[in-house]
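Okay, thanks for having me. I'd like to talk through the aromatic pairs and the nonpolar cores here, so let's bring it up.

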Amino acid sequence: MLRNKLPSFLCCLFVFAQFSSPPVRAAAAGLREVTDGSWEEILSGEWMIEFYAPWCPACQQLQPVWMEFAAWGEDMGVNIAKVDVTEQPGLSGRFIITSLPTIYHCKDGVFRKYQGARTKDDFLSFVDEQKWKAVEPISSWFGPSSLLMNSMSALFKLSMFIRRCHNYLTDQLGIPVWGSYVIFGLATLFSGLALGLLLVFIADFAFPSRRFSSTNYYQKKQSLEQARLLHQQEDEHEADGEEDDDEDDEEEEDGDQDEVWRRRRGSPEGRPEPKGQGLADESLRKRVVCSREEEDEEDT
């Protein structure tokens with residue numbers, strides 16, 4: 001008889017355990033996790049998403065209220081989700097999370113930031129009464145699926161990767177903090193140089209210079225070089241000719257000066273002297289001869 005009652009007793013115990021489970025666990029079952037790999041699911045349908053961090057006190061206070069709100073999500077046709085920004089840095093950058101907790105409402109890919117009170121009734125009225133229509137949506141330029149936000153997501157992922165590498169170097173390998181900074185500085189320098197060289201090569205390959213790619217470039221260059229040499233030689237010859245002309249001019253000027261000097265002092269080359277000058281010299285000679293004769297007479 002006990003064997004016949006045992007299966008019915010176990011069945012009743014199982015049903016009682018199912019219906020007597022705490023409401024918080026039931027609410028947690030309706031709460032969804034959004035990750036970097038599955039975030040595109042929120043672009044369709046209606047969503048309420050909370051961004052939180054486990055170490056945040058305000059987030060810890062909001063968790064029970066958010067799980068109670070999640071229990072109503074299925075009845076209202078709304079997906080209630082949460083995102084741990086410490087585990088999903090890409091989503092933190094994609095939505096530009098600057099304060100915690102942050103709540104977003106999404107309807108068919110259009111995002112609005114929730115700014116109301118953080119109680120279950122306020123959450124329900126915001127969705128049920130469609131109060132989200134009064135909130136200005138986020139611009140498509142800053143939407144999570146835009147190119148700008150994709151870049152921000154990659155930047156946040158990179159920052160988290162660098163942080164993990166830093167922790168590994170300092171905690172696991174025992175490298176000092178300044179040593180880790182030096183390593184990252186050198187890595188940044190060399191990666192920048194490599195990226196710059198890569199961009200230069202890509203630019204040269206995509207947009208080659210026309211003059212270097214021309215078949216006649218080197219022929220033109222050689223002919224220009226020959227023309228330049230010929231022009232230089234001509235300039236040198238002209239400079240030498242100018243120097244010879246200058247020397248001839250100087251010689252002519254010297255000859256003219258000598259001729260003038262000869263004319264002033266008389267012509268030693270047999271040219272006739274001026275008449276006035278000959279008479280003056282003859283009278284001077286006579287006076288000199290007379291003066292000498294007088295001196296000789298006085299002496300005798």
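So, a search over the whole structure turns up nine aromatic pairs, where Phe, Tyr and Trp rings (six-membered ring for Trp) pair if their centres lie within 6.5 Å, with planes under 30 degrees apart called stacked, over 60 edge-to-face and the rest tilted. Take F51 and Y104: centres 5.9 Å apart, planes at 85°, so that's edge-to-face. F51 sits in strand β2 and Y104 in strand β4, so this pair ties together parts 53 residues apart in sequence; strands here are DSSP E runs of at least two residues, helices H or I runs of at least four, numbered from the N terminus.

Quick caveats. This is a predicted model, where local features need pLDDT of at least 70 and side-chain atom pairs pLDDT 80 or more, while totals for chains, interfaces and linings use all residues. Numbering runs from 1 along each chain as its sequence is written, and side-chain values use heavy atoms, leaving out hydrogens and water.

F51 is at 1% relative accessibility, so it counts as buried, meaning under 20% relative accessible area with a 1.4 Å probe, protein chains only (exposed is over 50%, partly exposed in between). Y104, at 5%, is buried as well.

Next pair: Y114 and F126 have centres 4.9 Å apart and planes at 85°, so edge-to-face again. Y114 is in the loop between β5 and α6, F126 in helix α6. Ring pairs join both into a cluster with W66, F69 and F123.

And the largest nonpolar core? That has 19 residues, with F51 among those with the most contacts inside it; a core is buried Ala, Val, Leu, Ile, Met, Phe, Trp, Tyr and Cys joined through side-chain atoms within 4.5 Å. β2 gives the most, four residues.
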